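Me: I am new to this structure and would like to understand how its parts are arranged. Please answer my questions one at a time.

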Amino acid sequence: MSELEEYLQSKLSPKRYQHSVNVAAAAVMLAERYGGVDVEKARFAGLVHDICKEDPKDVQYARVLQSEMDVCEEERKSWKVWHGIAGAELLRTEFGVTNLDVLHAVRYHTIGRGGMSRLEQIIYLADMISAERSYADVQVMRKKTMESLESGMRYALKYSLQKLIRREAWIPHHTIDAYHESLAALGQQEG
């Protein structure tokens with residue numbers, strides 16, 4: 001077991017650690033299925049995507065404020081997305097991770113963004129379809145993701161936006177940009 005895996009096991013609850021292992025497995029499966037992504041990077045990003053998920057909110061927010069990545073006002077108001085930003089910052093500053101694709105995959109795994117790399121899309125979707133997920137639309141999400149990354153992203157972003165609207169939550173412009181890009185990728189015209 002690597003030092004980072006030991007760190008995750010000591011820091012995360014057993015349920016959250018198992019989720020991370022499941023996301024890593026889903027990320028590997030998607031990387032192998034769709035290609036164009038180093039499988040080990042996919043496994044690593046999936047494993048560490050929730051590294052700060054169970055940190056206290058004040059610790060997460062301090063890392064959010066330290067982040068050099070594009071953190072918008074809506075994200076600063078939405079504590080549920082802080083862990084992705086905080087996780088990328090922790091990986092960069094404490095673990096010396098310098099690969100921007102991996103850092104972006106962790107940072108944007110909850111909200112998406114326009115211009116997502118293949119690895120970012122894989123981690124975003126792997127988080128939504130991991131083995132333990134049981135929300136109402138998970139089978140449809142899995143089916144769409146197996147059709148194509150584009151189909152999975154469009155469905156996942158639509159699902160996420162609808163959920164945010166129902167909760168009357170702040171919607172980061174990154175998520176809207178990602179949704180518009182997913183429509184364009186599938187040739188969607190305004191209807």
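Me: How do the axes of helix 6 and helix 7 cross, and are the two helices roughly parallel or roughly antiparallel?
Reply: This is a predicted model, in which local features need pLDDT of at least 70, side-chain atom pairs count only at pLDDT 80 or more, and totals for chains, interfaces and linings use all residues. Residues are numbered from 1 along each chain as its sequence is written, and side-chain values use heavy atoms, with hydrogens and water left out. The axes (lines fitted to C-alpha atoms over the stretch in contact, with angles from 0 to 180 degrees between N-to-C directions) come within 7 Å and cross at roughly 150°. Because angles over 145 degrees count as such, helix 6 and helix 7 are roughly antiparallel.

Me: Which residues of helix 7 make the contact with helix 6?
Reply: Contact means heavy atoms within 4.5 Å. Helix 6 contributes Gly84, Ile85, Gly87, Ala88, Leu91 and Arg92. From helix 7 come Leu103, Val106 and Arg107.

Me: How many of the 13 residues of helix 6 are buried?
Reply: Buried means under 20% relative accessible area, with a 1.4 Å probe and protein chains only. Among the buried residues are Trp82, His83 and Glu89, and their cover includes helix 1 (3–11) and helix 3 (39–48). Helix 6 is largely enclosed by the rest of the structure, because the number buried is 10.

Me: Which glycine just after helix 6 takes a positive phi?
Reply: Helices here are DSSP runs (H or I, at least four residues), numbered from the N terminus. Just after helix 6, a phi of about 70° is taken by glycine 96.

Definitions and conventions: Buried means under 20% relative accessible area, exposed over 50%, partly exposed in between (1.4 Å probe, protein chains only). Angles under 35 degrees count as roughly parallel, over 145 as roughly antiparallel, 65 to 115 as roughly perpendicular and the rest as oblique.
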